[in-house]
Amino acid sequence: MSADRGEITASGGVGTGGLAGPGGVGGAGGAGAVAGPERRFRGASVVVAPVIFGIAVLVVWQLVVTVGGLPAFLLPAPTAIAEQIGAQFPVILETAAVTGGNALVGLVLGFVLGVLLAILAAGVRLVADLITPVVLAASAVPIVALAPVFTTMFGSTTEIPRRLVVTVVVVVPVYVSTARGLRQVRPVHDELMVALAATRRQYTRFVRLPGAVPYVMTGLRLAAPAAVIAAIVAEYFGGLQNGLGSRISSAAANTAYARAWAFVAASIVLGLVFFLAGLLAERLVTRNRPGGAS
Amino acid sequence: MTATGTDAVELQGVDKTFGSVWALAGVDLTIGAGEFVSLIGPSGCGKSTLLRVVADLEEPTAGSVAVTGTSARQARLDQRYGIAFQQAGLLDWRTVVENVELPLQVHGVGKAERRRRAVELLELVGLAEFAGSRPAELSGGMQQRVAIARALAPSPRLLLMDEPFGALDEMTRERMQAELLRIAGETGAAVLFVTHSIPEAVVLSDRVVVMSPRPGRITEVVGGRRPPVSGDDRAADTLDPDAVEDVRETAAFFEAVTAVREALRKGAATDGPAA
């Protein structure tokens, strides 16, 4: 069987045939080892460059505010914001946990709902005809319009309205992406399953669902940061005053501008955490596959 | 399974039209048990359509189709044939051994039994050590061998192959031809093999069926130059690639290649002004 090894080295180890896709994360040894040191160097610059840029922006910002004498309501100095972050830190953690919790609950609900609806729509034509326009219409719904209505429906002493807003926002990208993935069956797999006399259910279980997984994960990655945005914006319209969004609006209303910015900074961090978690989940799940949905 | 005496394929007066396009006209073809038959012809001569009719992926417009002594549909439902396409068509998210197990899994064979069978088949195609690999880690030739192992999983009496080596480079292709002959010999399965390559058809086949287009029909049948393999004669050693290479250099091989080429040219000549 020496011939086999010849084959694998001759093609450089990453013989993906006609499937060569971007970002061969799970690629075989040889190519990765060669690219190693160079990639590590690039990895460092990927982190260092934006950090230097960010520090530079903060320094310029500080100078413009202090030297230029900008009024605090227009733009507070970074040092003033940092001071507020320190002073409000326990409150920031508490409110971030509430908003993060709402975003997470809504994200999970919307994700499960989006995937289930897409599977249902893929299996039953009638369901697809019924659901697709509704979901697409939902993508055009501004959550701004929904938030006060939900608050009135469920009362202002519960987290339900915010979570529902997040759910609606999340369902759309997850449904669209999953539905697209379920349609992406390669013709050769289609033929194969017919030749093997597979039932519809087997076809879905063995080919369509696993094939759609990268698309499902892309939907999750897109939805994760949107969930945080929805959770924060939903708080601007009344209800409980325990999240980041309500703190931002009340601080701004009380002319405590530096404090408002401190909560804005916390919101940015929360959004980044969700974004990175979504990205990591996508990478982990699709690491053994060539190509992918993105 | 079926009695060894039953013909693998029996086609009588098979017509197939797609709208106004006449893809197949009056095709009669019988493939005996264990026989290796190639279909060759220019693009559009209906050779792939013919294979798809046998596989029950297309229904004939007229004529009768029997596969291993039953209807094409029943043969498909019973997984009496194995099939391999030009693309290996492996499922990227499954390991190599899980890909080979797929037909058995579809047919509800138990986990332990189908794993045992799949490992056995990977040994047959010489890829036992790659059982746990992902398809993307394999070269094109190796992927195609996995696809052949998958086709063989239900122990079919008939193997349908639609240009399975068409996407491979010449060296890999010739090695795969030798492998295929050995495998066909060891399993005793009949093979219906669609190809564009004259030498490939000649070296693999007991019979080369030459087709011509508009409408797709059989114009001539030429004897192939298949070297003797272990399945033909149990006393002989397992076929090694050298035996196939030797065949490629015999006068009889060149004669058969010439005969097929002339048959193809004759088919093209009767094609009329459209050609």
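Let me start at helix 1 of chain B, where the buried residues are Lys47(B), Ser48(B), Thr49(B), Leu50(B), Leu51(B), Arg52(B), Val53(B) and Val54(B). By buried I mean that 20 or more other C-beta atoms, placed from the backbone, lie within 10 Å of the residue's own, while 12 or fewer makes a residue exposed and anything in between partly exposed. Helices here are DSSP runs of H or I with at least four residues, strands are runs of E with at least two, and both are numbered from the N terminus. Helix 1, covering residues 47-54 of chain B, is therefore mostly covered, with eight of its eight residues buried under that cut-off.

Residues are numbered from 1 along each chain as its sequence is written, and chains are lettered from A and ligands numbered from 1 in the order in which they are written.

On confidence, pLDDT is the predictor's confidence in each residue, from 0 to 100, and chain B has a mean of 85, with 90% of its residues at 70 or more. Within chain B, the lowest confidence is in helix 8 (residues 241-248), at a mean of 75, and the highest is in helix 3 (residues 96-106), at 94. Over residues 230-237 of chain B the pLDDT stays under 50, and the model has 13 contacts beyond four places in sequence for that stretch; a contact means that two C-beta atoms, placed from the backbone, lie within 7 Å. Where pLDDT is low, the predicted coordinates should not be read in detail. For the model as a whole, the scores are ipTM 0.84 and pTM 0.73.

Turning to the strands, chain B has an open sheet of four strands in the order 2-1-4-5, with antiparallel pairing, where pairing requires that DSSP finds at least two bridges between two strands. Strand 2 (21-31) and strand 5 (70-71) of chain B stand at the edges with a single partner strand each, so one side of each is left without a neighbour in the sheet. Strand 1 (residues 9-18) of chain B pairs with strand 2 of chain B in the antiparallel sense over seven bridges; Val14(B) has Val27(B) as its bridge partner, and Leu11(B) stands opposite Leu29(B). These two strands of chain B form a hairpin with two residues between them, and Gly19(B) in the turn has a positive phi of about 60°.

Which residues touch the most other members of the largest nonpolar core? Of its 91 residues, they are Val54(B), Val146(B), Leu158(B), Leu160(B), Val191(B), Leu192(B) and Val260(B), where a nonpolar core is a set of buried Ala, Val, Leu, Ile, Met, Phe, Trp, Tyr and Cys residues joined through C-beta atoms within 7 Å. Helix 5 (residues 140-152) of chain B gives this core its largest share, seven residues. Domain 1 (1-80 + 160-275) and domain 2 (90-155) of chain B both give residues to this core, so it lies between them; the domain bounds come from an automatic or database domain assignment. Leaving aside neighbours within four places in sequence, Leu192(B) is in contact with residues including Val9(B), Ile31(B), Leu51(B) and Val54(B). Between the domains of chain B, eleven residues of domain 1 are in contact with eleven residues of domain 2.

Glu137(B) lies in the loop between helix 4 (111-124) and helix 5 of chain B. Is Glu137(B) buried or exposed? Glu137(B) is buried, because 23 other C-beta atoms lie within 10 Å.

Finally, chain A comes to eleven helices and zero strands, and buried residues make up 37% of its 294 residues. Among chain A contacts between residues at least 6 apart in sequence, 76% join residues at least 24 apart.

Key
Predicted model: local features only at pLDDT ≥ 70, side-chain atom pairs only at ≥ 80, totals over all residues.
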